[in-house]
Amino acid sequence: MSNQLREIGRRLRAPFNRAAAFRELEKFHARPRELESIVDAAIKFPSEGLFRVESIQQRSEIQALARAVAAIKPRNILEIGTARGGTLFIWAHLASRKVVSCDIEDPGIRRPLYEAFPPPESQCKVVHLHGNSHEAAFRSRVEREFTTEPVDFLFIDGDHTERGVEADYNEYKHLVRPGGLIAFHDVIEKQALPTNQVFYFWKRLKPQVNAEEFIDHPDQCGFGIGLVRV
Ligand SMILES: C[S@@+](CC[C@H](N)C(=O)[O-])C[C@H]1O[C@@H](n2cnc3c(N)ncnc32)[C@H](O)[C@@H]1O
């Protein structure tokens, strides 16, 4: 089947998949959830098609990060790199005030699903910003979201080139309060894609900061989370 036909099929099924995704979210929110079950749902949420929510993360690594983030009781979280909304799902359950998630891809009809991620009792608001994190005008839009309160946790998981990840760190770290956290995904050296170059920046940054690593297995290909305590 051509990509065009597949896309038409996805569009035709969208209203059903949308309704199913909201039903699943309501079911998920119907009872209090432990952090582990929030992370599991983020890795593969039971929704499909244009409303598929998932995250390509190593379970033990993202759980360790989620625990570290939960421990600082974050009010505000900033994420660069939304993709299928998996990690956004976790942050929306941890932040008590606001999560801003950014992606160069337009979330389109998925946006209302993202906004519905926080559990019903939460005051957390999800804001999705569509644009290139490296553009000055986009950075100003992000900064405007945090004029009254700083970011407690910044997750950098967008552009994985060495220059790209370095730019995201240098251009957004000023938003994070002292005592806050900054994490990077894919800090392992061995990567399937040559454009995954986070390791090279992380190797330079690590000796200069209060760093920690969550790595499932030292020989794994890909993944690995680097954490900076600001
Ligand atoms: C690895 S995915 C993010 C995965 C997501 N954090 C998760 O684990 O559920 C990387 C995302 O970053 C986005 N991205 C890449 N370069 C970007 C840029 N310069 N600005 C904003 N988003 C970017 C891509 O479109 C992609 O959706």
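User: Why is Gln220 called buried?

Analyst: The relative accessibility of Gln220 is 9%. Buried means under 20%. The value of 9% is under that limit, so Gln220 counts as buried. This is a predicted model, and the values are computed from it.

User: Where is Gln220 found?

Analyst: Gln220 is in the loop between β6 (210–214) and β7 (225–229).

User: What makes the pair Gln220 and Glu61 a polar contact?

Analyst: Their side chains are joined at 2.7 Å. The cut-off for a pair of N or O atoms is 3.5 Å, so 2.7 Å falls within it. The side chain of Gln220 also reaches the backbone oxygen of Gly222, at 3.1 Å.

User: How do you know that Lys98 is buried?

Analyst: Lys98 has 9% relative accessibility. The limit is under 20%, therefore Lys98 is buried. Lys98 belongs to strand β2 (residues 98–103). Its side chain makes a polar contact of 2.7 Å with the side chain of Glu145.

User: Is Ala42 buried or exposed?

Analyst: Ala42 is at 1% relative accessibility. Buried means under 20%, so Ala42 counts as buried. The residue lies in helix α2 (residues 35–43). Ala42 and Asn210 are 168 residues apart along the chain, and 28 Å separates their C-alpha atoms.

User: Why is Lys73 called exposed?

Analyst: Lys73 has a relative accessible area of 69%. Exposed means over 50%, so Lys73 qualifies. Lys73 sits in the loop between α3 (59–71) and β1 (76–80).

User: What is the phi of Lys73?

Analyst: Phi is near 45°, which is positive, and Lys73 is not a glycine. Most residues other than glycine have a negative phi.

User: Which value makes Ala83 exposed?

Analyst: The relative accessible area of Ala83 is 61%. That is over 50%, so Ala83 is exposed. Ala83 is in the loop between β1 and α4 (86–94). Its phi is positive too, at about 50°, although Ala83 is not a glycine.

User: Where does the ligand sit?

Analyst: The ligand sits in the largest pocket.

User: What makes up the shell around the ligand?

Analyst: By class, there are three nonpolar, twelve polar and six charged residues. Of the 21 residues around the ligand, Ser55, Gly81, Thr87, Asp103 and Asp157 come nearest.

User: Why is Gly158 called partly exposed?

Analyst: Gly158 has a relative accessible area of 28%. Buried is under 20% and exposed is over 50%; 28% lies in between, so Gly158 is partly exposed. Gly158 lies in the loop between β4 (151–156) and α7 (162–172). Gly158 and Val228 are 70 residues apart in sequence, and their C-alpha atoms are 17 Å apart in space.

Key
Residues are numbered from 1 along each chain as its sequence is written. This is a predicted model: local features need pLDDT of at least 70, side-chain atom pairs count only at pLDDT 80 or more; totals for chains, interfaces and linings use all residues. Side-chain values use heavy atoms; hydrogens and water are left out. A residue is near a molecule or strand if one of its heavy atoms lies within 4 Å of it. On a 1 Å grid over the protein atoms alone, a cavity is a set of points where a 1.4 Å probe fits but cannot get out, and a pocket is an open set with protein on both sides within 12 Å along at least five of seven lines; lining residues have an atom within 4 Å of a point. A molecule sits in a cavity or pocket if more than half of its atoms lie within 2 Å of its grid points. Ala, Val, Leu, Ile, Met, Phe, Trp, Tyr, Cys and Pro count as nonpolar, Asp, Glu, Lys and Arg as charged, and the others, Gly among them, as polar. Helices (H or I, at least four residues) and strands (E, at least two) are DSSP runs, numbered from the N terminus. Buried means under 20% relative accessible area, exposed over 50%, partly exposed in between (1.4 Å probe, protein chains only). A polar contact is a pair of N or O atoms within 3.5 Å; within protein, one must be able to donate a hydrogen and the other to accept it, and residues adjacent in sequence count only if both atoms are side-chain atoms.
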